[in-house]
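Subject: Handing over a structure

Hello,

I am passing this structure on to you, and I hope you enjoy looking through it. My notes on what was found follow below.

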Amino acid sequence: MPTKVERIQDEALRGSFADAQAALKAGEYKKVVELSSAAYVELLRRKPEMLQGQQQFMNVVFFPRLGAHLVVNNDGQPEIVWDREKFSFSEAVTYFEFTIDKVLKAGL
Amino acid sequence: MKFGLFYEHQIPRPRDKDQWDPDAEHKMMKNALDQIELADQLGFDYIFEVEHHFLEEYSHSSAPEVFLAAASQRTKNIRLGHGITLMPPRYNHPARVAERIATLDLVSDGRVEFGTGESASEMEMGGFGVRREDKKQMWEEATREVIKMMTQTPYKGTEGQYFGMPSRNVIPKPLQKPHPPLWVASSRRETTMVAARLGMGSLGFAFETPDEAKERADEYFRLVREECYPIGEAINPALAAVTILSCFEDDEEAIAKGMEGAQFFAYSLAYYYNPFTGGNHKPGQENIYKGFIEAPEDKRWGAFGDAFRGFGGFSGGAAKEEPEDEVTRALWRAAQRGGCIGSPDFVTDTLRKYEDSHLDLMIFVAQCGARSHEDVMDSLYRTGTKVIPEFKERHEKHQKWREEQLAGVEHEINSTI
């Protein structure tokens, strides 16, 4: 069975998640959060409908708030706000899994 | 597939009074012990007792270790699960958790399932000063240390971010070696994948369509095989889900006796976990049950609406009309009833679909809302005699599937599935 990373069709996003997965194995948890969050922001930029109406609630409010959170700035663009520098294994996995599921669901 | 019971200890306030009758909590606790004793005799495999604080009406189970100790003395075989222990150190000092888990394991002859979690309601986090953005990190740090306390002689001590203590021999040690099976509450799908990577069982609230559930099980066991870094010294690969049970002779009776309790469960849960209502709860003053009873029928599933309509079941989501496809329609109908609410045949059909998706453990909410003790006992008896036996007969087949999934795993396994 192909892994979630292998199922991502977009080459750049697949590369980001492959790097995040390697960072998780290496114990670089902040890097996992950075790569996963950046990929998610890229997804929202490519799929602006995810920020419209009730979709915005689902895709912004439900984004993990475990030391980094997502906001929509005054220009209507998504951006990550960092609340701290250090992340645990379980937090890193949470960001990784949330974002990769969204990318797969979007069919990218 | 195995079966368990899930206890929140719900007590709706009387509609026409400010407070409960003086004996209400006493009666509820004693009734729950009677129910668990019966469940043990009927062959239910597990109970899971929550830990919640200050969630009036929704959950009066703030000292699960005491209740489970009482249950241990009235039962012989049923596994005694914390579902879950709140791990952030501001709720429970890690050394006290280790001591209580070990003591319960000793007095119960090794029947403890150690469920862990973080909590999520504003009432609880605010009451104990736990910051939402830190609670997962607190959970992980405290859980790692509690496991060491149960296995190291002496415990070496730690200076962590949220908790520190010097070296001490934390005693007693649990009867089960190296420690009781480990679980984590997984109300979010992501946490199931955290559980897999840490070698923990996943106590899931939400469930999906059969295809999604199967996909989740496949991914969970793949991670256990390929990307598991155990948090403990033994892993507990297991997927559990929670659903609401009301099993009577026919569907009409099951709905008449069970639907309101299911709705109140969802309504009060949504009340406390929605920050707009739960965050502004007035302690000791609000009557949630009165608000529920007076709400229009379409609002009785609570603030999260359709998301909870199929609570624990194969939710038909927001679909308002019956789907045309036969399988989807059956699931949609199950969802409209809120899980396992129906005749033994109906409940069996619903559970077979979970079984087909390789669920390890279905945990029933039988006591909820204003359901009478007699109805809960009746429903448990019928489930234990008319539903569970055929699943027990097939459990060996599920065990074989699990063996295939876990082939090649080198970590010690201490799952009781």
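How many helices and strands does chain A have? Chain A has 5 helices and 2 strands; here helices (H or I, at least four residues) and strands (E, at least two) are DSSP runs, numbered from the N terminus.

Before going further, please keep in mind that this is a predicted model, in which local features need pLDDT of at least 70 and side-chain atom pairs count only at pLDDT 80 or more, while totals for chains, interfaces and linings use all residues. Residues are numbered from 1 along each chain as its sequence is written, chains are lettered from A and ligands numbered from 1 in the order in which they are written, and side-chain values use heavy atoms, with hydrogens and water left out.

Chain A

The order of elements along the sequence of chain A is α-α-α-α-β-β-α. Chain A is as compact as a globular protein of its length, because its radius of gyration of 13 Å is close to the 13 Å that the globule rule gives for 108 residues. That radius is taken over C-alpha atoms, and the rule is 2.2 Å times the number of residues to the power 0.38. Along the principal axes, the C-alpha trace of chain A spans about 35 × 35 × 20 Å.

Of the 108 residues in chain A, 48% are buried (under 20% relative accessible area, with exposed over 50% and partly exposed in between; 1.4 Å probe, protein chains only). Contact means heavy atoms within 4.5 Å. Among the contacts in chain A between residues at least 6 apart in sequence, 58% join residues at least 24 apart.

Chain A carries 14 positive and 15 negative charges, and their mean positions are 4 Å apart. Lys and Arg count as positive and Asp and Glu as negative, while His and the chain ends are not counted; each charge is placed at NZ of Lys, CZ of Arg, CG of Asp or CD of Glu.

Where the chains meet

In the interface, 25 residues of chain A are in contact with 23 residues of chain B. About 2000 Å² is buried between the two chains, and carbon and sulfur atoms give 56% of that area (the accessible area, 1.4 Å probe, that two parts lose on being put together, summed over both). On the chain B side, B:Gln137, B:Glu190 and B:Arg197 lose the most area to chain A, together 25% of what that side buries.

B:Val365 lies in strand β12, residues 361-365, and counts as buried because its relative accessibility is 0%. Beyond neighbours within four places in sequence, its contacts include B:Phe6, B:Val242, B:Ile244 and B:Arg371. B:Gly339 is 26 residues from B:Val365 in sequence and 9.9 Å away in space, C-alpha to C-alpha.

The loop between β7 (164-165) and β8 (182-186) holds B:Pro172, and B:Pro178 lies in the loop between β7 and β8 too. The peptide bond from B:Ile171 to B:Pro172 is cis, with omega near -5°, and a cis peptide bond also joins B:Lys177 and B:Pro178, with omega about 0°.

Which residues other than glycine have a positive phi? One of them is B:His9, with phi near 60°, in the loop between β1 (2-7) and α1 (24-42). Another is B:Glu57, with phi near 70°, in the loop between β2 (46-49) and α2 (64-72). B:His9 counts as buried at 0% relative accessibility, and B:Glu57 likewise counts as buried at 0%.

Best wishes
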